[in-house]
Each structure stands twice: as C-alpha cells, then as structure tokens.
Amino acid sequence: MEAEPDRLTHAALFEGFFIAGLSGFGGVLPFARRIMVDRRHWLTDAEFADLFSLCQFLPGPNIVNLSAAFGARHRGITGALAAMAGLLAAPITIVITLGLLFARFGKNPLVHHGIEGLTAAASGLILATALKIAGPALRIPTGLAMVVLAFVLFAILHLALPLVIAIALPISLLLAARRVK
Amino acid sequence: MILLPLALLFAELSILAIGGVASTLPAMARAVVAHHWLTPAQFAALFGVAQSSPGPNMLISTLIGLHVAGLPGAAVATLGMIGPSSTLTVLVSGAWHRFREARWRRIVQAAITPITGGMVLAAATFLIRTADHNWRLALISATVAILTLRSKIHPLAFLAIGAGLGLVGFG
C-alpha cells in the first residue's frame, strides 16, 4: 500500500473481526480472508497474503497477530486492541461456557464417552493440519530432513521447546539460504 | 499464587510459537502435566473442547487457565498467550512491508515452515497417543485425518460425528 489507506473506525475493525471469529470453526483464516478481501475490500489478495506472511513469520497465534497488525495500521494501538477484542470476544465467551459445562458434566460416564470420541476426531483434525503444513516441505529433501529433525528433537528426544528452536532454526536457515534465490 | 506461573508459561509459549500455536501444543502439554495442573488425558479432553468452539486454536490456553484458576486464570492465560506476540507484531508490522522483496525474508519463511511442520506433527502424535486408548478411537482419528485432506467436509461435522460415536459406545 503506497497510498495512505482509508482509515477504518474502531467499530468497523471490531465488527469485521467479530464476524470472522464467530464463523471460524477449525481455523479462522479463510473467514478473515473472505471478510477482509471479498466482502469489505479492505485489502487486495496480494496485500492480504503479504500481511498474513508477517503473522506466520512472527511467533504467536497467526490470526490474532493478523488482527493486531491490521488494527494498528488503521488506528494505532487502540485499533489493534479493537480488532483483537472483536476477534476473540465471541470465541472466548463460547469456550469458557463449554469449559464450565465440561467441568460440571465431564465426569458423567455418558458425557465422558462423548468427549473421548470428540477428542479422537479433534486429534485427527490436527493430524490433517500437520500434514497440510508439512506437505510442501516434504517434497524437498532438505525440507523433509528438517521436518524429521524437528519431530525427533521434540517428540523422541523430548528436548525443551527453546532448545529445539535453537538447534533446528540455524540449520534450517542455512539450508534455506542455499535453496532460496 | 498460581496466576504468575500460569502467565509466565503462556507468555513463554507465545514468544516461542513459531508458525503458530499448534507447534507449542506438545510443550504446553508437557508443562501443564509437570506442574500437576492437568493429567495428559485431561489435556487431550480440553483440547477437544477447545476445538469445538469457533475461533483461533489459542483458545486451549483460555481453557487451561479456566481449569487451573477459574476466570482469573482464563484471563491471565489468554493475555499471556496473545500479549507478547501481538505486541511484537504491532512493532514489526510497519517495517515489514518495506522488506517484502528482501531475500532474507523469503529465506526465514522457507526455514520456518518445515520446523513448524515437524512440531505440529509432534503435537498430533502426542494427542493421538494420549486420546486414542483403543483401536476404535484411533480409527476415528485416522478417518477424520484422511477425510479432512480428501474432502471439503466441515470440521464441526467431524467433531459432532466423533462425539456421537463416543456417546453410542463406539469409542
């Protein structure tokens, strides 16, 4: 964006991300993209991809980072807070309600069996997510090696997360530097 | 005072969550079990509950906070998980656009993706080993994973079917 974008109001930021948060089952990203690009024309496809790449590049929940960066671009820190609050208001209310119900009824044998089936399905979803993320890397020998290394360091050698990153990231950077033109 | 270790744990995970929150799930599980806040099975169950809500997958932190220390715990864990990373994002986002053509940016991106992939695979392995304590539950996980990759079925449908199969005694 070379020109100064039209500044959105705090209310518009809150509302747009509120809808994305409420619709986002199993990942908010496609819903955020639909609202920001297709419906409201806040960003072009390329601008959205650029903004999202920042949020993947930095640590933390990607979609929360996206709302913070976009809100800050329009209204500074209060804009970031408005967008994040919009994104999280409904999901946090819903998940706390579910959590309280779980605490109250989770020991009931019937509910317990239901939760077991639910958790098995949720584990399957995260496996699919993992394969989608790792998919492109698995097609390149060095990428495959890094996927295996990160997995082994963490899941098999049980190293702490900072240590895994301290070992894997420099190697991965060296390999990527040789590959990326 | 349980709120401080709770806040510190999630603030640390926030900064270490390269590629997103999913890559920190094994570390999160390990830490909450080491603190005796949850058993591995309880963690897996809370993960299932978090996935049944709309919204980003960082909601697992809200649920863990709620379980450990009620509503103040939920607030502290949530803010810990989003505070450090979103502050960093706001600080960096202005400079980001300027470097969009930079080679180092593409290198870092290319370097992060396979690590994230390996970490999320570790998370999936952990959850499957914890949650699926019989072959029927493992079959549910495997079927959901395959159908998610091969079809456009809504994730909520899988969660509902999984819960339904559990209820009727398939799990």
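## Two helices side by side in chain A

Let's start with a helix pair. Helix α6 (residues 141-156) and helix α7 (residues 161-179) of chain A pack at an angle of about 180°, their axes lying 10 Å apart. Axes here are lines fitted to C-alpha atoms, for helices over the stretch in contact, and angles run from 0 to 180 degrees between N-to-C directions. Helices (H or I, at least four residues) and strands (E, at least two) are DSSP runs, numbered from the N terminus.

On the α6(A) side, the contact is made by A:T142, A:M146, A:L149, A:A150, A:L153 and A:F154. Facing them from α7(A) are A:V164, A:I167, A:A168, A:S172, A:L175 and A:R179. Contact means that the C-beta atoms of two residues, placed from the backbone, lie within 7 Å. By class, the contact of α6(A) with α7(A) has nine nonpolar residues, two polar and one charged. In this scheme Ala, Val, Leu, Ile, Met, Phe, Trp, Tyr, Cys and Pro count as nonpolar, Asp, Glu, Lys and Arg as charged, and the others, Gly among them, as polar.

## About the model

This is a predicted model, in which local features need pLDDT of at least 70 and side-chain atom pairs count only at pLDDT 80 or more, while totals for chains, interfaces and linings use all residues. Residues are numbered from 1 along each chain as its sequence is written, and chains are lettered from A and ligands numbered from 1 in the order in which they are written.

## Chain B in outline

Chain B has seven helices and zero strands. Its C-alpha trace spans about 55 × 45 × 25 Å along the principal axes. Of the 171 residues in chain B, 57% are buried. A residue is buried if 20 or more other C-beta atoms lie within 10 Å of its own, exposed if 12 or fewer, and partly exposed in between, with C-beta atoms placed from the backbone. Among contacts in chain B between residues at least 6 apart in sequence, 59% join residues at least 24 apart.

## Where the chains meet

The interface brings 94 residues of chain B into contact with 83 residues of chain A. On the chain B side, the elements giving two or more residues are α1 (3-16), α2 (25-34), α3, α4 (59-96), α5 (103-131), α6 (135-150) and α7 (155-167). The largest share of that side, 25 residues, comes from α5(B). Sorted by class, the side of chain B that touches chain A has 58 nonpolar, 32 polar and four charged residues.

B:G48 gives a close-up view. This glycine is found in helix α3 (residues 40-51) of chain B, and counts as buried because it has 28 C-beta neighbours inside 10 Å. Not counting residues up to four places away in sequence, B:G48 touches A:I115, A:L118, A:T119 and A:A122. B:G48 and B:I60 are twelve residues apart in sequence, and their C-alpha atoms are 9.0 Å apart in space.

## The nonpolar core

The largest nonpolar core has 116 residues, and those with the most contacts inside it are A:A83, A:A150 and B:A123. Such a core is a set of buried Ala, Val, Leu, Ile, Met, Phe, Trp, Tyr and Cys residues joined through C-beta atoms within 7 Å. Helix α4 (residues 62-105) of chain A gives the most to this core, with 18 residues.

B:A123 has partners in both chains: leaving aside residues up to four places away in sequence, it touches A:I126, A:A130, B:A22, B:S23, B:L25 and B:P26.

## Transmembrane annotations

For chain A, an unreviewed UniProt entry lists "transmembrane region" at residues 12-32, 80-103, 115-138 and 144-177. UniProt positions are given in the numbering used here, feature names are shortened, and annotations may be inferred rather than shown by experiment. In the model, residues 80-103 of chain A are 100% helix and 0% strand, with end C-alpha atoms 33 Å apart. Residues 144-177 of chain A are 88% helix and 0% strand, and the end C-alpha atoms lie 16 Å apart.

For chain B, the UniProt annotation (unreviewed entry) covers residues 107-128 and 153-170. The span 107-128 of chain B is 100% helix and 0% strand, with 32 Å between its end C-alpha atoms.

## Two histidines with positive phi

Most residues other than glycine have a negative phi. A:H158, although not a glycine, has a positive phi of about 55°. A:H158 sits in the loop between α6 and α7 of chain A and counts as exposed, because it has 10 C-beta neighbours inside 10 Å.

B:H36 also is not a glycine and has a positive phi, of about 60°. B:H36 lies in the loop between α2 and α3 of chain B, and its 7 C-beta neighbours inside 10 Å are why it counts as exposed.
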